[in-house]
Amino acid sequence: MTDSSGIESPAAPEWLLKLESRRERIKAKLSHESGNGAPCNVCGSACPGLDLHFWRKICRNCKCRKEQHDCIDDDVSGWAQFEILGAIRSKPAYIRISELTDKPVELAWVPPNVTPELASDYMRTLGQQNIPIVGSEAAEKRKQQLEFQVPAHDLDTNLCHNLTPYEAGQLSEYVEKIKTHCVGQGTVLRIGGDGAGQLQYGTVVQQPKRDQPADNTPPSASGPAGESTRPDYMESPALSDKMKYKLHLMGISSSEMVAQTMRQDPAVVLTAGSTGVPEPIVKFHREYQTNPKFRAEMDRFVDQQRTAKLDEPLGGSLVPSGSNDSGFGSIPVSPRDVTPGHADLLGPMMGSLGLSEKVMPPAQQASTGPAIATVHTIRCGGCTLPIATGEVAVKVDRPASSECSVWHPQCFQCQRCGELLADLVYFYHAGAIYCGRDLAAILKIPRCAACDELIFTKEYTAAEGATFHVRHFCCYHCDGPLAGQQYVMDERSAQPLCLPCYEGHYAQTCATCQRCIGPTEQGVGWDKIHWHKECFLCSGRHCRKSLIGGRFCVKANRPYCSAQCTKDI
């Protein structure tokens with residue numbers, strides 16, 4: 001590369017040129033181009049389109065925030081939160097949600113790295129009003145929440161206005177600290193499911209049987225001491241996740257128990273619930289009779305199990321199957337041409353449940369049963385209520401202890417503002433989760449009420465309960481500096497105004513004298529009509545008494561003390 005002096009200098013690397021080009025485009029887009037002309041979702045046709053103020057991050061036409069306009073995302077300035085924080089930006093997807101429609105619907109966002117079934121269950125727990133169907137109010141609200149809860153200018157110096165080197169350094173240090181210690185993206189999982197970071201079943205504790213020798217105790221529900229085991233059907237590809245957890249919640253302990261239960265006469269089981277038939281078997285047959293999808297999956301699953309056992313001998317004495325996946329000793333399926341009786345089927349299954357073959361009264365069974373499952377209760381970090389096995393939950397990885405690392409989806413909210421955390425992006429601090437905006441407030445980092453950026457200088461302006469960069473303490477209408485000047489706070493925007501702008505554009509006009517009501521003058525208002533205090537007099541020609549503190553009526557936008565005075569014009 002040769003400059004104007006004729007001296008050659010090495011060309012900049014291509015990657016550096018691309019990076020610098022992208023930074024420049026971000027700056028330009030942030031200032032004026034990004035979303036320019038986008039319609040306002042709040043003002044509608046009253047706003048001619050987004051005209052972004054060069055540092056306030058609001059529309060100069062309607063004063064609404066940029067995220068309140070229908071801006072189309074772009075790769076340059078859109079969704080900077082994900083790039084800076086290293087979170088996963090999920091793409092739109094088609095998901096079937098049975099409560100809404102029989103056909104798949106397009107969602108603007110779904111949790112990353114989940115199956116369609118888990119995504120559907122997660123959305124159902126949020127409630128229909130929060131499902132971000134493309135084009136819906138929920139989808140627009142979710143987008144606005146993300147940009148408001150995690151302001152991009154809190155994370156990148158390139159998106160801020162005119163920072164000094166010191167301020168830029170402080171912001172970069174803050175971002176590195178929250179990336180290291182606070183920020184994360186929740187993981188959607190099903191309690192009891194597989195996968196990285198997902199929770200496992202609680203340990204099943206074996207207790208000795210009181211009136212039976214130890215060598216006759218049925219096999220326990222746990223493997224080696226201290227290890228919890230999972231039903232073997234959890235590994236079967238023939239069953240959907242939902243059916244696996246449905247079986248687990250019923251108390252079905254193994255594939256063999258499924259097969260044995262399927263061979264049981266439902267008429268016998270469902271009419272014998274009070275005579276000793278184990279509750280899991282009753283629950284299974286009730287579901288089998290009322291749920292066609294469950295019935296179809298169970299039929300297919302058992303057929304595959306039978307196919308896998310074709311090579312096993314059909315006669316001879318029954319021996320344990322050798323499978324320890326479920327923690328129970330089990331027996332192979334009986335031949336097809338042998339119809340087992342009621343007692344033949346209940347015996348082995350009651351043994352696998354930890355019950356003796358002899359049917360005993362329920363109270364006596366409860367007091368002498370050998371296996372008692374003690375499952376660790378998982379509680380929601382938000383509402384503290386238990387989260388049952390099979391329920392959908394959101395897990396965070398920041399807590400040192402797992403005690404408060406799981407939330408109900410509907411409880412995954414900012415501790416301070418109470419809003420759902422958009423796209424599961426959270427900031428963990430002192431045992432609670434926050435949005436990025438409220439984390440800064442919790443850490444007592446002041447935020448400029450004018451430009452919405454964090455303040456990292458020792459000198460700043462405090463006025464009317466708000467904080468401002470010294471350079472941004474300006475008139476909301478004309479941007480004139482207000483340091484050392486009189487100002488008025490606009491009630492609607494909570495922003496300061498210089499006196500000329502207030503009187504010329506914001507002050508009310510007295511209906512009697514047609515002069516503006518100044519900031520130091522007392523006024524009276526009724527509906528959309530305003531008066532100076534001294535002008536608030538009865539309009540009767542012969543009355544003219546003050547109406548302050550008394551009854552009055554209005555006719556043709558003029559106040560009167562009585563109906564009689566309305567005739568004295």
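Two strands pair if DSSP finds at least two bridges between them. Helices (H or I, at least four residues) and strands (E, at least two) are DSSP runs, numbered from the N terminus. The views below come from a predicted model, in which local features need pLDDT of at least 70, side-chain atom pairs count only at pLDDT 80 or more, and totals for chains, interfaces and linings use all residues. Residues are numbered from 1 along each chain as its sequence is written, and side-chain values use heavy atoms, with hydrogens and water left out.

**View 1. An open sheet of 3 strands, in the order E3-E9-E10.** The pairing in this sheet is antiparallel. Strand E3 (183-185) and strand E10 (432-434) stand at the edges with a single partner strand each, so one side of each has no neighbour in the sheet. On average, neighbouring strands of this sheet are turned by 45 degrees against each other, direction ignored (axes are lines fitted to C-alpha atoms). E9 and E10 are joined by 3 bridges. Look for tyrosine 428, whose bridge partner in E10 is isoleucine 433.

**View 2. Aspartate 423 and its partners, arginine 142 and glutamine 185.** Aspartate 423 sits in the loop between strand E8 (406-407) and strand E9 (425-429). Its phi is near 55 degrees, a positive value in a residue other than glycine. Aspartate 423 is buried, at a relative accessible area of 3% (buried means under 20%, exposed over 50%, partly exposed in between, with a 1.4 Å probe and protein chains only). Its side chain meets that of arginine 142 in a salt bridge of 2.7 Å, N to O (a side-chain nitrogen of Lys or Arg within 4 Å of a carboxyl oxygen of Asp or Glu). The pair links distant parts of the chain, 281 residues apart, with arginine 142 in helix H4 (residues 137-149). Arginine 142 is buried too, with a relative accessible area of 13%. Glutamine 185 is buried, at 14%.

**View 3. The hairpin of E13 and E14.** Strand E13 (residues 487-490) and strand E14 (residues 495-498) pair in the antiparallel sense over 4 bridges. Aspartate 490 stands opposite glutamine 495 in E14. There are 4 residues between the strands, and alanine 494 in the turn has a positive phi of about 55 degrees.

View 4. Lysine 179 forms a salt bridge with glutamate 176, the closest N and O atoms being 3.9 Å apart. These two lie 3 residues apart in helix H5 (residues 165-181), which means that about one helical turn separates them. Lysine 179 is partly exposed at 31%, and glutamate 176 is partly exposed at 46%. In the second pair, the side chains of aspartate 397 and lysine 395 meet at 3.4 Å, N to O. Here aspartate 397 is exposed, with a relative accessible area of 53%, whereas lysine 395 is buried at 14%.

**View 5. Aspartate 70 in the loop between helix H1 (14-33) and helix H2 (80-85).** Aspartate 70 is partly exposed, at 37% relative accessibility. Leaving aside neighbours within four places in sequence, aspartate 70 is in contact (heavy atoms within 4.5 Å) with Ala38, Pro39, Asn41 and Glu140.

Note on methods: Axes fitted to C-alpha atoms, helices over the stretch in contact; angles between N-to-C directions. Polar contact = N/O pair within 3.5 Å; in protein donor to acceptor, adjacent residues only side chain to side chain.
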